[in-house]
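Please open the structure in the viewer and follow the stops below in order. Each stop names a selection and then describes what is found there.

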Amino acid sequence: MGELLLIRHGETTWSASLRHTSYTDLELTPDGERQARTLAAFLAGRRFVTVLASPRSRALRTAQLAGLTVDAVDEDLSEWNYGEYEGRTTVDIHEDQPHWNIWTDGCPGGESPAQVGARLDRVLERVTPLLERGTVALVGHAHSLRVLGARWIGLPPSAGGRLRLETATVSALGHEHGRQVILRWNQPAPPAPGTATDSVPQH
């Protein structure tokens, strides 16, 4: 069985400032483009049965710079729809709603955890049979890929809250003794020689 690789897009201005970004179609920052190019060396030599990506330009550009050929754009890989919370930070939201938790409450005017879980389940239903032929790559976003990781191991969408995922990282889902497991999570590409990197908290 092949692996299911989850690739989060590179940095945008909103991800750098921890602003929730779903349908707002932002480009990568220069650092985000550098991150995506670093992924190319990390993924070099890997063969994929298929590569699917979110329709957002930040995901498609990351795939391109990482040397991946996207076979299909999948709307179900879009980021969690934040509705009225689009563009806001968690700290800002907590000033109005101090007990708000996206993983249990969802977003007003946007999606609930169950709705996000349902569409990521559809992604898994489509790609899981392909793993018999080799590795599949999915290029997407933080919250939606965290939900997908939780669903892969049979946990509710809310369990994605325990799976931190930074920009331009690669995670691998697979099997052990017939069970669906997380093989690797939130793995950054090794920095290029002489490159200094700083860890940035993620929402």
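Predicted model: local features only at pLDDT ≥ 70, side-chain atom pairs only at ≥ 80, totals over all residues.

Begin by selecting helix H6, residues 113-127, together with helix H7, residues 142-152; their axes come within 9 Å and cross at roughly 70 degrees. The two helices, H6 and H7, are therefore roughly perpendicular to each other, an angle of 65 to 115 degrees being counted as such. The crossing in which H6 passes H7 is right-handed.

Next, display the side chains where these helices touch. On the H6 side, select Val116, Gly117, Leu120, Asp121, Val123 and Leu124; they meet Ser144, Val147, Leu148, Arg151 and Trp152 of H7.

Colouring by confidence shows an average pLDDT of 94 for the protein, with 94% of the residues scoring at least 70. Where does pLDDT stay under 50? Select residues 197-201: this is a stretch where pLDDT stays under 50, and the model gives it nine contacts beyond four places in sequence.

The crossing of H2 and H3 is right-handed.

Which residues of H2 meet H3? Select Glu33, Ala36, Arg37, Leu39 and Ala40 in H2, and then their counterparts Arg61, Thr62 and Leu65 in H3. Within this contact of H2 with H3, four residues are nonpolar, one is polar and three are charged.

The last stop concerns aromatic rings. How many aromatic pairs does a search of the whole structure find? The search returns two. For one of them, select Trp80 and Trp103: the ring centres are 5.6 Å apart and the planes stand at 85 degrees, so the pair is edge-to-face, the cut-off for that class being over 60 degrees.

Trp80 lies in the loop between strand S3 (72-73) and helix H4 (90-96), while Trp103 belongs to helix H5 (residues 102-105), so the pair ties together parts that are 23 residues apart in sequence.

Notes. Residues numbered from 1 in each chain as written. Heavy atoms only, no water. Left-handed = near helix turned anticlockwise from the far one by under 90°. Helix = DSSP H or I, 4+ residues; strand = E, 2+ residues; numbered from the N terminus. Contact = heavy atoms within 4.5 Å. Nonpolar A, V, L, I, M, F, W, Y, C, P; charged D, E, K, R; others polar. pLDDT = per-residue confidence, 0-100. Phe/Tyr/Trp six-rings, centres within 6.5 Å; stacked < 30°, edge-to-face > 60°. Axes fitted to C-alpha atoms, helices over the stretch in contact; angles between N-to-C directions. Parallel < 35°, antiparallel > 145°, perpendicular 65-115°, else oblique.
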